[in-house]
Amino acid sequence: MSIERNVQIVKDFFAAMGRGDTQGLLALTAEDIEWIIPGENWPLAGTHRGHAGLAELLRKASNSVETSFPAPPEFVAQGDRVLVVGFAKGKIISTRRTFEDHWVFAISVRDGRLTNIREYIDTQALARAAQMDASEPA
């Protein structure tokens, strides 16, 4: 598969994510997809495996985080690896706290489907936004 085709598949994946199109996302990922989000103390951290894990992650994300992407991300590719570099602003719904996040997704593509996603994010900013301050009303 060509590098250009791999980049297009990743762009299609991000477009489907932006539309909230779970079925479109599942169609672009391998059955054994693995999505790793590092960190602790915030709702989306962990390793999410398979279509069931991906669907659960998307459900959890829609219920816990509001995110906007003020500028389109940059796509850099070599072989079967596509790096997506971007910036997001958001809010953790449960705490109403905001965050800013410079991030990189390292994505592997095999046979036209995403097989592995590893997020490199500002885990401290997200954990801080997710923590409930005991002095604030819930």
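Tutor: A residue is called buried when its relative accessible area is under 20% and exposed when that area is over 50%, with partly exposed covering the range in between. By that scale, Glu-56 is partly exposed, because its relative accessibility is 36%, and Arg-59, with a relative accessible area of 42%, is partly exposed as well. In this predicted model, the side chains of Glu-56 and Arg-59 form a salt bridge with an N to O distance of 2.5 Å. Both residues belong to helix α3, where a spacing of three residues puts about one helical turn between them.

A search of the whole structure finds five salt bridges, and another of them joins the side chains of Lys-91 and Glu-66, at 3.6 Å from N to O. Here Lys-91 sits in strand β5 while Glu-66 sits in strand β3 (residues 65-68), so this pair ties together parts that lie 25 residues apart in sequence. Lys-91 is partly exposed at 28% relative accessibility, and Glu-66 is likewise partly exposed, at 42%.

A further pair is made by Asp-21 and Arg-19, whose side chains meet in a salt bridge with an N to O distance of 3.1 Å. Within this pair, Asp-21 counts as partly exposed at 25% relative accessibility, whereas Arg-19 is exposed, with a relative accessible area of 56%. As a general point, side chains of opposite charge can pair when their charged atoms come close.

Note on methods:
Residues numbered from 1 in each chain as written. Predicted model: local features only at pLDDT ≥ 70, side-chain atom pairs only at ≥ 80, totals over all residues. Heavy atoms only, no water. Salt bridge = Lys/Arg side-chain N within 4 Å of Asp/Glu carboxyl O. Buried < 20%, exposed > 50% of the residue type's maximum accessible area, 1.4 Å probe, protein only. Helix = DSSP H or I, 4+ residues; strand = E, 2+ residues; numbered from the N terminus.
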